[in-house]
Every structure is written in structure tokens, then in C-alpha cells.
Amino acid sequence: MSQNISAWFTEKIRDQVVISYQSHGGYLDNTMMRGDVIANTVKFPVAGRTEVYKLSGAIEMVPAGGPGLSTVSMQFEDFEASDWWRTQDAYKSGPNEQAALSTLLVNAVRRKKDNIKLDALAAFAAAGGDVTTLGNGTVRIDLLHFEQARAEMEGAAIDDEVFAPIPAMWSAQLAFYKEYADANWVGLENSPFSKTQRMKMKTVRGITYIVMPDEHFTGKDGTSLYSYMWAKGAMGAETAWDASNVTMTQHTDRQGSPYLCKTGLGAAAIGIQGKGVKRLDYLKITAPARPT
């Protein structure tokens, strides 16, 4: 009987996790360039620059302009989320409890996928290089700050999708601007984002703003917050395996022979081109204020 419960619930929780993942998704899924996976290593291409040269008419060696393409590589890291499910609960549980357990597992994986990307952005900015910081943590966020960052990217010949996660209070502040307030939350149905993602997105003048929970944002002190803005090709992120791989194992050496439900992911994210990444350092606000 226990084997039947394990097989039945494993399939049922697998379905629940996949459904939860597709209907919610990571807030930052599909916002960074994907790489090439070889074993436990992921490689991201870095586009260089090549110039043409004038033909002299002579039979001579071709002048080499240097490598126009290179790669950045890193190793995957693996993570797990798990929870115990007692045999007594297995016999008594209904659809709500099963859905709740699957949601707990997939939410943990989803949050980790987003935080891996945000941690990579923070590490890239901390390393210096071409990543620049706008603001000093003392000024209230303004739509013009994002416009400045976007224009600096455009001036650096960056022509790509641009993303900017923001806390809900920043979004409330930006809503005083007609451009932001009038933008639709829901994007195209054929976009590479889940429906719930699109409900948290607004695209204004080429910048896709993504409203995320406060827990994803930190600052250098208690009064400011960091956020980031990046061109898709400036950051790389890849997932080797994710929440669809759910296992359920019965442990008969424990009282009641409970089941251990586990899921997880293997993922990696890394900064590639600093000119396509901006760090935003602005005031942590507790209430929106109408601009003067």
C-alpha cells in the first residue's frame, strides 16, 4: 500500500509543481542570455569588435584585428528544497494539502532562481569594471533616473532588451508619471514570460520594469536600496535542472515511515558586459509622494 501511495503522490505532486511553476515562474526568468552547457560548465559568448580594413591591391597577409568573440564560463551550483510528509497525512490528505506542499517546494526553487541572478548582478557591480552606479542612496526614485541609465546604454551602442526589477513602493512612486501609469501590465501573449510574470511587468520606452517583493532588495544601509538595470546580453544565466525533477522517498527507519519530498535546481549566473549593467542606489521609501 505504501508503494502505491508513493507512486500516486509522486506523480500528483510532480503535476502540481509543474503547474505552479508555469503559472507563477521566476520573476526574472528569460531576462538574461542563455549559455552553452557542457557537462557541469556553462559558457556564455562575449561579443568583441571587429573593423573592416582597406584592400591595398597587393598580395599580402591579412591584418588580424584580434578576437571578435570570446567566452565566459562558470560551474553550476546545485540546491535542494525538501519537506517531510507523514504516512498518516498521506492517507488523510486532500487536494488542498497536496497543492500546499507542492507550492512550498516550488516557491523555494523559484525564489532561489531569482536570487541567483540578483546575486550575480551584485557581484558584478561590486567588482567594478564598466558597471556604473546611479544615485547615492539619498534621493527618491524618479523615472528620469531610469531614462538616464537607458540613454547611457544606448549611447554605448547597446541595442537589446532592458530589464529593471523594482520594489512595489518604487513602482507606486513611478505611477505618478503618465508614461509609467498608462503602460499595460500584461504584455504580448506570445512573449517568453509566464502570465504571472507579465502581470508584474511594464515596458516604458524600451525598459521592462519588473515589480518584485521587498525581500529581494537590499541596500548599503537601512535607508537606501540597490536595484539593477541590465541589457539581456550583458548578463548570462542558465538552469541545468529545475523543479520538474521531484522525488518522494519513504523512510521506514523513522517512526511512522514518513515520506521525504525533494526538489531542487542546478543553476548559474554571471556578468558578461559591464557597459550593459547599471546599479541603482536610491532612497528606501515607506510611502509614495507626489512629485513637485
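In which strand is the place of T249?

Modeller: T249 lies in strand β11, which covers residues 247-250. This is a predicted model, in which local features need pLDDT of at least 70 and side-chain atom pairs count only at pLDDT 80 or more, while totals for chains, interfaces and linings use all residues. Residues are numbered from 1 along each chain as its sequence is written, and side-chain values use heavy atoms, with hydrogens and water left out. Strands (E, at least two residues) and helices (H or I, at least four) are DSSP runs, numbered from the N terminus.

Beyond its neighbours within four places in sequence, T249 is in contact (heavy atoms within 4.5 Å) with P258, Y259 and L260. Of these, Y259 is 10 residues away in sequence, yet the two C-alpha atoms are 5.3 Å apart.

The next element to look at is strand β12, residues 259-271. β11 and β12 run antiparallel and are joined by four bridges; strands pair if DSSP finds at least two bridges between them. In this pairing, T247 has K262 of β12 as its bridge partner.

β12 has other partners too. Strand β4 (residues 77-85) pairs with β12 in the antiparallel sense over nine bridges, and there A81 is the bridge partner of T263. Strand β10 (residues 235-241) also runs antiparallel to β12, through six bridges, with A237 standing opposite A269. β12 is largely enclosed by the rest of the structure, because 11 of its 13 residues are buried.

Leaving aside neighbours within four places in sequence, W230 is in contact with residues including L28, L121, M153, F163, M235 and V277. W230 is also among the four residues that touch the most other members of the largest nonpolar core, the others being F146, Y209 and M229. That core has 51 residues; such a core is a set of buried Ala, Val, Leu, Ile, Met, Phe, Trp, Tyr and Cys residues joined through side-chain atoms within 4.5 Å.

Helix α4 covers residues 143-155. After α4 comes A157, whose phi is positive, near 65°.

Terms used: Buried means under 20% relative accessible area, exposed over 50%, partly exposed in between (1.4 Å probe, protein chains only). The expected span of a helix is 1.5 Å times one less than its number of residues.
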